[in-house]
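Here are a few friendly notes to read alongside the model. Take the points one at a time, and keep the 3D view open as you go.

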Amino acid sequence: MTALHEPPTNTASGVTFLELEITSRCQLTCSSHCYAEAGPTKGHGTMTSEDWKQVIDEAARIGVTKVQFIGGEPTLHPDFTELVEYALDRSVGVQVYSNLYRVRLEHWELFERPGVSLATSYYADTDEGHDAVTGRKGSHAATRANIIEALRRGIPVQVGIVDVLEGQPVDQARAELAALGVMDINVDRVRGVGNAAKALPSTSELCGKCADGRAAIMPDGTVTPCVLGRFLPTGSVKGGSLKAVLDSERWERVRQLIPPRRGDGCTPDEDSCMPSPGATGACTPADSNDCDPARKPACNPKY
């Protein structure tokens, strides 16, 4: 175990933000666009709780400053609370990317801890529009209510809107979120990964920031440039070292395969993101050019 006072030793990759995809299970059935191909019948993968703790220990040691617990729905993992607390105890910041469909009381208390923020996905300002994307009746009302509750509790909330269906009221959803008081709103199109892949995934579907200060670990321990870049495996932490993967020639080769972003935009199709008054690091086409993963982890919204 890493001593808490031990100074970090940065890897050559400079990774400071790490996405931990701790489960593929989710209450929703976003069959047309979920990049992780998650669902109610999926499992938690082969990484044990001890495996994830070893990753967090090593991440803290090599200079990672923030981890994002993601899935699937990360709160469904049986050791979710323990893993979040483990990261916080090692002075690693935490973002939880939850669908906010169901939030247990103990999780609200966890989310209120210093160093924790929330992120979620939102698709429309109506029950019909949102639920058509998630495949779960009542998901819009539940997620909207929990966004409001998070804001009431003073928990930082970032929301990603993904344009999935023809005629989807994306602008209305964004306006509603802003009216509720959400400052960090991220708008994107569907990427051709996971359920949305109509052919072999391509690096052209990535934003250009994958492997640039960030990395992801899949439920089986595979290390990839980001959760969307899951088709680019670079090694495994299952029985191995995260540092060894990030310092490997394969990581560098994969990193060079990813086309650099053409401008400051946060999606493959943008050339720039201009900041607007009141923006707090939002990675939205009209809101910000801040895509530093250490400050704004979810430049790629979770689908």
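**Notes on the aromatic cluster and its surroundings**

1. Start with the rings: Phe69, Phe80, Trp108 and Phe111 make up one aromatic cluster. Please keep in mind that the model is predicted. Across the structure there are three aromatic pairs, and two of them are worth a look here.

2. Take Phe80 and Phe111. Their ring centres are 6.5 Å apart and their planes meet at 70°; a pair counts as edge-to-face when that angle is over 60 degrees, so this one is edge-to-face. The pair links distant parts of the chain, since Phe80 belongs to helix α2 (residues 80–89) and Phe111 to helix α3 (residues 105–111), 31 residues apart. Phe80 and Phe111 are both buried.

3. Now turn to Trp108 and Phe111. Here the centres lie 6.1 Å apart with the planes at 85°, so this pair is edge-to-face too. Both residues sit in helix α3, three residues apart, which is about one turn of the helix. Trp108 is buried, as is Phe111.

4. What do we find over the ring of Tyr86? The charged end of Arg90 sits there, 3.6 Å from the ring centre.

5. Next, look at the nonpolar side chains. In soluble globular proteins, such side chains tend to be buried together. In this model the largest nonpolar core has 57 residues, and Leu18, Leu20 and Phe69 are those with the most contacts inside it. Helix α2 gives the most to this core, with six residues.

6. Finally, step back to the whole chain. The protein chain has eight helices and nine strands, and 57% of its 303 residues count as buried. Among contacts with a separation of 6 or more, 68% come from residues 24 or more positions apart. The chain exposes about 12300 Å², with carbon and sulfur atoms supplying 51% of that area.

Conventions: Residues are numbered from 1 along each chain as its sequence is written. This is a predicted model: local features need pLDDT of at least 70, side-chain atom pairs count only at pLDDT 80 or more; totals for chains, interfaces and linings use all residues. Side-chain values use heavy atoms; hydrogens and water are left out. Helices (H or I, at least four residues) and strands (E, at least two) are DSSP runs, numbered from the N terminus. Buried means under 20% relative accessible area, exposed over 50%, partly exposed in between (1.4 Å probe, protein chains only). Contact means heavy atoms within 4.5 Å. Accessible areas come from the Shrake-Rupley method with a 1.4 Å probe; for residues, only the protein chains shown count as cover. Rings of Phe, Tyr and Trp (its six-membered ring) pair if their centres lie within 6.5 Å; planes under 30 degrees apart count as stacked, over 60 as edge-to-face and the rest as tilted. A charge sits over a ring if NZ of Lys or CZ of Arg is within 6 Å of the ring centre and within 35 degrees of the ring normal. A nonpolar core is a set of buried Ala, Val, Leu, Ile, Met, Phe, Trp, Tyr and Cys residues joined through side-chain atoms within 4.5 Å.
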